[in-house]
Amino acid sequence: MQVEKIASKGANKDSPAPKVSFVSLGCPKALVDSERIITRLRAEGYELSREHAGSDLVIVNTCGFLDSAKAESLSAIGDALRENGKVIVTGCLGAEPEEITKQHPSVLAITGPQQYESVLDAVHRAVPPKHDPFLDLLPPEGIKLTPRHYAYLKISEGCNNRCTFCIIPRLRGDLVSRPAADVLREAEKLVTAGVQELLVISQDTSAYGVDIKYAASKWKDGDVRAKFLDLSRALGTLGAWVRLHYVYPYPHVDDVIPLMAEGTVLPYLDVPFQHASPKVLKRMKRPAAQEKTLERIKRWREICPDITLRSTFIVGFPGETEADFEMLLDWLDEAELDRVGCFRYEPVRGATANDLAELVADDVKEDRWHRFMQRQQKISTRRLKRKVGTRQQVIIDEIGPTVSKGRSKADAPEIDGTVYVASKRPLRVGEIATVKIERADEYDLHGTAVGF
Ligand code: SF4
């Protein structure tokens, strides 16, 4: 969970422009929503402030995915009310306004996820903009909350799936894909502004375009269809790393693997498998649950031996038996995934999974989580060790006095490992260096820059 108070460059205490303090909570998709709202606010002449106190208004972009995230959102709203008093709430928790008003009846307005216009309307009502065409000049890529060298690129909103543990479709609605040309234009602006890595996100990236019947749109001299493969190929021409997140193992995903093998997009797939037992997957109502994933993974590796596979899993799903769990452990051994996250099932209020079968006791969940992590840890460590002695391209994220931090093509920001890079010549943030890998530990790699 991520909390950021965002400050604008050049915010000026004496400026007559209204000042807004912004809190962004939740996942990368929510972060992109925050970026869009902030970009619009800056375009209209609002300034951003680091502090709630002294601002004209606070906007809290909330997360409502898990009960713990809801609690965090409600507490951030409470802080904003205490420190400022004028608060507008948006984001996933905004889809359940009564949850907010019960605790915080004095918020000025509540809007749901992706309701950018409504947020802006509420801001205009609370603090009208002061338009100044000179102050309002914006960088063409908009305001990014990520460091300058990487950016999240949201290709669609909402989701057509109905996984039983998830309330996102209820909060964010059905799938709405952006036309391919819109996505590409945004990506192009980002790359022109210095972004070196585009992180493609959505709720279900492989379903991109289904809702708009894969409609083509004009980009440069031709048409690009709103298809996962076509969009990936076009993004790969922009000269930045392209990383694909939240991809389900539908058969058509196989078509994108050759693009990874030829270097058009990064050889990296983030596939949230969630479980391996067919019975559990069926109860979860997972998309592409029927696909033979182990065979699939084998084929992906034949086509692109360097591919990095990341996934997430849930243990202790209602009705999960010891046999289901053992099946998951065996599957892990065979799949040999590179990076894995594991969650203990959390009975989110409103999720249909809670009533499907008996809930698994907390101590059993805990025990399974530890066993899962131990099993996967050995696999991840083994796979990482194979990189010792190789040369990897590493994008530099942070400069240190002797050793800088970066990521290889196998590491997405925030969720994967770090490459610690020693270098004779000073490195720059966003630079891509060739690094000879000398050592691996459980999660991270260590090496020396040998080429720039
Ligand atoms: S794919 Fe499933 S888990 Fe992901 S957002 Fe859609 S319903 Fe939720």
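Visitor: Which residues does Arg339 touch, not counting residues up to four places away in sequence?

Guide: In this predicted model, Arg339 sits in strand β16, which covers residues 339-344. Leaving aside residues up to four places away in sequence, the residues that Arg339 touches are Thr308, Leu309, Arg310, Ser311, Leu384, Ala410, Asp411, Asp416, Gly417 and Tyr443.

Visitor: Is Arg339 buried or exposed, and with which side chain does the side chain of Arg339 make a polar contact?

Guide: The relative accessible area of Arg339 is 10%, and a residue counts as buried when that value is under 20%, so Arg339 is buried. The side chain of Arg339 makes a polar contact, at 2.4 Å, with the side chain of Asp411.

Visitor: At what angle do helix α11 and helix α12 pack, and how are they oriented?

Guide: Two packed helices are described by the angle between their axes and the distance between the axes. For α11 (residues 322-335) and α12 (residues 362-385), the axes are 10 Å apart and the packing angle is about 10°. Because angles under 35 degrees count as roughly parallel, α11 is roughly parallel to α12.

Visitor: Which residues of α12 make the contact with α11?

Guide: The crossing in which α11 passes α12 is right-handed. On the α11 side, the contact is made by Glu322, Phe325, Glu326, Leu328, Leu329, Asp330, Leu332 and Asp333. On the α12 side, the contributing residues are Arg368, Arg371, Phe372, Arg375, Gln376 and Ile379.

Visitor: Is Asp363 buried or exposed?

Guide: Asp363 belongs to helix α12, and its C-alpha atom is separated by 9.8 Å from that of Gly316, 47 residues apart along the chain. Its relative accessible area is 57%, and since the cut-off is over 50%, Asp363 is exposed.

Visitor: Against which elements do the buried residues of α2 pack?

Guide: Helix α2 (residues 67-83) has 17 residues and reaches 24 Å from its first C-alpha to its last, close to the 24 Å expected at 1.5 Å a residue. Its buried residues are Ala69, Lys70, Ser73, Leu74, Ala76, Ile77, Gly78, Ala80 and Leu81. These buried residues pack against β2 (19-25), β4 (57-62), β5 (87-91) and α3 (97-103).

Visitor: How many of the 16 residues of α1 are buried?

Guide: Helix α1 spans residues 28-43 and reaches 22 Å between its first and last C-alpha, close to the 22 Å expected at 1.5 Å a residue. The helix is followed by Gly45, whose phi is positive, near 95°. Helix α1 is largely enclosed by the rest of the structure, because the number of its 16 residues that are buried is 13.

Visitor: What is the phi of Gln274, and what is that of Glu336?

Guide: Most residues other than glycine have a negative phi. Gln274, which is buried with a relative accessible area of 9%, lies in the loop between β14 (268-270) and α9 (278-284), while Glu336 is placed in the loop between α11 and β16. Neither residue is a glycine, yet phi is positive in both: about 70° for Gln274 and near 50° for Glu336.

Methods
Residues are numbered from 1 along each chain as its sequence is written. This is a predicted model: local features need pLDDT of at least 70, side-chain atom pairs count only at pLDDT 80 or more; totals for chains, interfaces and linings use all residues. Side-chain values use heavy atoms; hydrogens and water are left out. Helices (H or I, at least four residues) and strands (E, at least two) are DSSP runs, numbered from the N terminus. Buried means under 20% relative accessible area, exposed over 50%, partly exposed in between (1.4 Å probe, protein chains only). A polar contact is a pair of N or O atoms within 3.5 Å; within protein, one must be able to donate a hydrogen and the other to accept it, and residues adjacent in sequence count only if both atoms are side-chain atoms. Contact means heavy atoms within 4.5 Å. The expected span of a helix is 1.5 Å times one less than its number of residues. Axes are lines fitted to C-alpha atoms, for helices over the stretch in contact, and angles run from 0 to 180 degrees between N-to-C directions. Angles under 35 degrees count as roughly parallel, over 145 as roughly antiparallel, 65 to 115 as roughly perpendicular and the rest as oblique. A crossing is left-handed if the near helix is turned anticlockwise from the far one by less than a right angle, and right-handed if clockwise.
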